[in-house]
Amino acid sequence: MSRLVVVSNRVAPVEEGKQAAGGLAVAVLAALKRTGGIWFGWSGTVVDGDTPQTPASAVHGRLTYTMLDLGRRDFEEYYNGFANQTLWPLFHFRPGLTSISRRNRAGYERVNGFFAAVLAPMLKPDDMVWVHDYHLIPCGRKLRALGCRQRMGFFLHTPFPAPEVLKILPNHRDLVEDLCAYDVVGFHTAADLRCFVNYVLLDAGGMVDPHPDGGVVVRAFGRTLLARAFPISIDTAALERTAETNARSRHAERLRESLVGRRLIIGVDRLDYSKGLPQRFEAFEAFLESYPEHRNRVSFLQIAPPTREEVPEYITLRRELSEKAGRVNGRFAEFDWVPIRYLNKSFGQRVLAGFHRQAAVGLVTPMRDGMNLVAKEYVACQNPQDPGVLVLSEFAGAAQELTEALIVNPYEVEGVADALQRALTMPVEERRERHAALIATLRRNDIGAWRETYVRALTKAPYQ
Ligand code: F6P
């Protein structure tokens, strides 16, 4: 079996026996443990001055973590700059928030080039290289330029925008050519794949043919590759068990006692403008306004750990949300009830599983999201006999699979308010039916299925 070399901006070293956080970390770790290999990326540390030239490595069994620190300028231009002020907003269909800067683009190319230069000498001829996410799109082409002929795959964890949006980026053609340097390019949904294919056909003069296993064979920029949707998922069985055992954990009990019989609506998101949090707070306000019978009977717990804290849009959002939560609470709170419990901190997966399990509604309303694993986690954590209801944005990739959720348009706050009312008054038979269909989908399409389908597709490269 070929060795797997995973390249991602963040690396999540995990000690044996401890659970990794996040879908990418869980999936990547499981794949690496099976084949042995290297997990290569940024250490998460920013140092004064230039990016240090030598990586640090740590070996855990058959797995080697190789991590680079980033110098302050690289961190600002590559991570805060091009990755998170250009590609992130653009890929989430937010041209108004997209900043275009040649300096940041040069920083992005420079860090990708540096990653490739450090990685290339570590590769063995029959390694399979699997690069993840928007931070590292050019990495494969830069490895090829250094003479690397290994099978190389890429997986995008965000949406891929329509060509009209992508073309706001002055170097859009380069970026698509970068993608075509890989042997397999994976997206979350058929819609993302369609956007990529449209660009290839209409703007790059390429050709596509269906592949019998799924996806399409793309011929463009002198390369042949497979492009396909591989919807990422969760470790469904493990999370079902975790939720059952943590239903009565200390944290879960404290939450239950604090609710004193009130129903719980839960939201768990990174504090990011793609997640639709201001609109969600407005929807909850509209719900309390339109359905006064729920006042003092429902609490909304929004967990929103801060992220990308040096990027101006995130600083503005944080201020806006604190104000909005304060306004709704000021308007509706009673001496013994706070409608919105808004927390800027994170919790471990076990604690969250216990919280999800007691929530009557999981409120997942991003304005645009590649997949959204929280939606899947909420479903897996429910008690099948008395499950809660998932209220899910039609603009999350997860909505393509989780069709038995209450699907909403997050831009229409009254519609989300009505969905909350419907969820909170839904008869138990209907809740059970919807949950049974949702959990069946998640048991079938779990993280193992995602990993295996992708790795199998990469094993079959090169595509002709
Ligand atoms: O959604 C894309 C993604 O890369 C996820 O894999 C991850 O949860 C998040 O963005 C990481 O954000 P950051 O590394 O900037 O904290």
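Close-up 1. A polar side-chain atom of Tyr 79 sits 2.5 Å from an oxygen atom of the ligand. Asp 133 also brings a polar side-chain atom to 2.5 Å from a ligand oxygen, and for Arg 10 the corresponding distance is 2.6 Å. Of the 400 Å² of accessible area that the ligand has on its own, the protein covers 73%. The model shown here, and in the views that follow, is predicted.

**Close-up 2. The shell around the ligand.** Take a tour of the residues here: Arg 10, Tyr 79, Trp 88, Asp 133, His 157, Arg 270, Thr 307 and Arg 308. By class, the shell comprises four charged, two polar and two nonpolar residues. Both domain 1 (4-233 + 447-460) and domain 2 (236-444) contribute, each with at least three residues of the shell.

**Close-up 3. Phe 93, a non-glycine residue with positive phi.** Look for Phe 93 in the loop that runs between α2 (72-91) and α3 (102-119). Its phi is near 60 degrees. Phe 93 has a relative accessible area of 27%, so it counts as partly exposed.

**Close-up 4. Phe 221, with phi near 55 degrees****.** This phi value is positive, in a residue other than glycine. The loop between β9 (216-220) and β10 (223-229) holds Phe 221. With a relative accessible area of 22%, Phe 221 is partly exposed.

**Close-up 5. A cis peptide bond between Ala 461 and Pro 462****.** Here omega is about 5 degrees. To find the spot, follow the chain past α16 (447-459): Pro 462 belongs to the segment after that helix.

Terms used:
Residues numbered from 1 in each chain as written. Predicted model: local features only at pLDDT ≥ 70, side-chain atom pairs only at ≥ 80, totals over all residues. Heavy atoms only, no water. Near = heavy atom within 4 Å. Polar contact = N/O pair within 3.5 Å; in protein donor to acceptor, adjacent residues only side chain to side chain. Areas by Shrake-Rupley, 256 points an atom, 1.4 Å probe, with all protein chains shown as cover. Nonpolar A, V, L, I, M, F, W, Y, C, P; charged D, E, K, R; others polar. Domains from an automatic or database assignment. Helix = DSSP H or I, 4+ residues; strand = E, 2+ residues; numbered from the N terminus. Buried < 20%, exposed > 50% of the residue type's maximum accessible area, 1.4 Å probe, protein only.
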